[in-house]
Structures are given as structure tokens and as C-alpha cells.
Amino acid sequence: MAERLLPTPSHTIGPFYGHALPFPGGEQVAPQNHPDAISLHGYVLDGAGTPIPDALLDFWQAAPDGSVKGAPGSMRRDPSTGGFVGRNGVDFTGYGRVPTDADGHYALHTLPPGNPGLPYVGVCVFARGLTHHLFTRAYLADGADPLLDSLPADRRATLVATAGPMRTYRFDIRLQGEGETVFLEFQ
């Protein structure tokens, strides 16, 4: 009788993402209590509009001054185990990793991006059912932009976050179906 081997993450799709890859403070791109901090939040939804409770989102963005280097050494490791112990709480990193919660919701705390043109945050989506991760952008304003200008109005709207109270922006990500988020292909 052949030995039965258990599947590994390379053989299956999720829900390993939310369990093995997040790190402490992954949602805190900006130093806590920074006066210019904003929150980008929303839901990751499947084609039926059902929230996905075990997706993982990576975020990248320019610093408010437009730089894209991040802060060296802002991610700390435990010297005895080598595991991540989180951010130092002082430096802006430009990178965040956030799992969705049981309701499919995520929240990222960051500073306004200072990239040229319209401000946006790059997003990479990992979720069950996806054989490859997906890339998109969360624009914090609408206006003239080469990417946005190339899209029909209804598709354009899927990339623009909605401003809310107290420096919050809502950006839902729909993986397929009506209102599907525009995803980008890099070559």
C-alpha cells in the first residue's frame, strides 16, 4: 500500500495565506499615532459577493515625499528564532501585509502616498481559488491618470477608493463577476 502524503502549500490553494504569512504589525505601515495617517480598508469578495475570510493582501506605496525605498531595518527579527517580531513602530516602510478577518475585511494604516500623478497604493491579492496572485491599485482620488483614462467609467470606478470620515478610504476588491476589480498584468 502506497504511503499517503499530505498536500503542501505548493499543491493546494489556501487557506494557508492567512495562517503562515502575516507578521506582527503588518497593517501598520505608518508609525502609530502619526498625525497624517490614513486608513485604507474594505472587503475582499468572491464572484457572488460573499466575503473571503482567508485572503492575504500585500500593499506597496511611495512615501509622502515620493520616495520608494522604505526605511532600512524597519522590519525586526527575533535574534534567537529568526522570526519576525514586527515593525519598530517609528519608521515608514512603504510595505504592508494584511490578512482578511473572519468577515473578509482588511484595514491598512499608512501615510498618503506621494507618487507622481494621482495617489495610489499598489495591492497584491492572494486568495483561495486563485492559482496566481492578482495585482491592482487603490487610487485615493479620481482624476487624470493614464491607467484610469484607458478604462470605461464603470471599470474605472473599481480602482478608486471612496473617501470616508476621519481620513479613511474604502476599497473593496471583487475577484470576479459584476463589478469585478480591474487587475493588472506586468510583463
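This is a predicted model: local features need pLDDT of at least 70, side-chain atom pairs count only at pLDDT 80 or more; totals for chains, interfaces and linings use all residues.
Reader: What makes F59 and Y106 a tilted pair?

Author: Their ring centres are 5.7 Å apart, and pairing asks for centres within 6.5 Å, so they pair. The planes sit at 35 degrees; under 30 would count as stacked and over 60 as edge-to-face, so what remains is tilted.

Reader: Why say that this pair ties together separate parts of the chain?

Author: Because F59 belongs to strand β2 and Y106 to strand β6, parts that are 47 residues apart in sequence. Both residues are buried, too.

Reader: Why is the pair of W60 and Y95 called tilted?

Author: The centres are 6.0 Å apart, within the 6.5 Å limit. The planes make 45 degrees, and that falls between the 30 and 60 degree cut-offs, so the label is tilted. W60 is in strand β2 and Y95 in strand β5, so this pair joins parts 35 residues apart in sequence.

Reader: Are W60 and Y95 buried or partly exposed, and how do you know?

Author: W60 has a relative accessible area of 39%, so partly exposed. Y95 comes in at 22%, so partly exposed as well: buried would need a value under 20%, and exposed one over 50%.

Reader: And what makes T93 buried?

Author: T93 has 12% relative accessibility, and the cut-off is under 20%, so T93 counts as buried. T93 is in the loop between β4 and β5.

Reader: How do you know that the T93 side chain makes a polar contact with Y95?

Author: The side chain of T93 reaches the backbone oxygen of Y95 at 3.0 Å. The limit is 3.5 Å, so the distance qualifies.

Reader: What makes R137 count as sitting over the ring of Y120?

Author: R137 lies over the face of Y120, 4.0 Å from the ring centre.

Reader: Which residues have the most contacts inside the largest nonpolar core?

Author: L40 and F59, in a core of 28 residues. Strands β1, β2, β6, β7 and β8 each give two or more residues to this core. Another core, of seven residues, lies apart from it, with L118 and L184 among its members.

Reader: Why would such residues gather like that?

Author: Because nonpolar side chains tend to be buried together in soluble globular proteins. Here, buried residues make up 38% of the 187 in the chain.

Notes. Residues are numbered from 1 along each chain as its sequence is written. Side-chain values use heavy atoms; hydrogens and water are left out. Helices (H or I, at least four residues) and strands (E, at least two) are DSSP runs, numbered from the N terminus. Buried means under 20% relative accessible area, exposed over 50%, partly exposed in between (1.4 Å probe, protein chains only). A polar contact is a pair of N or O atoms within 3.5 Å; within protein, one must be able to donate a hydrogen and the other to accept it, and residues adjacent in sequence count only if both atoms are side-chain atoms. A nonpolar core is a set of buried Ala, Val, Leu, Ile, Met, Phe, Trp, Tyr and Cys residues joined through side-chain atoms within 4.5 Å. A charge sits over a ring if NZ of Lys or CZ of Arg is within 6 Å of the ring centre and within 35 degrees of the ring normal.
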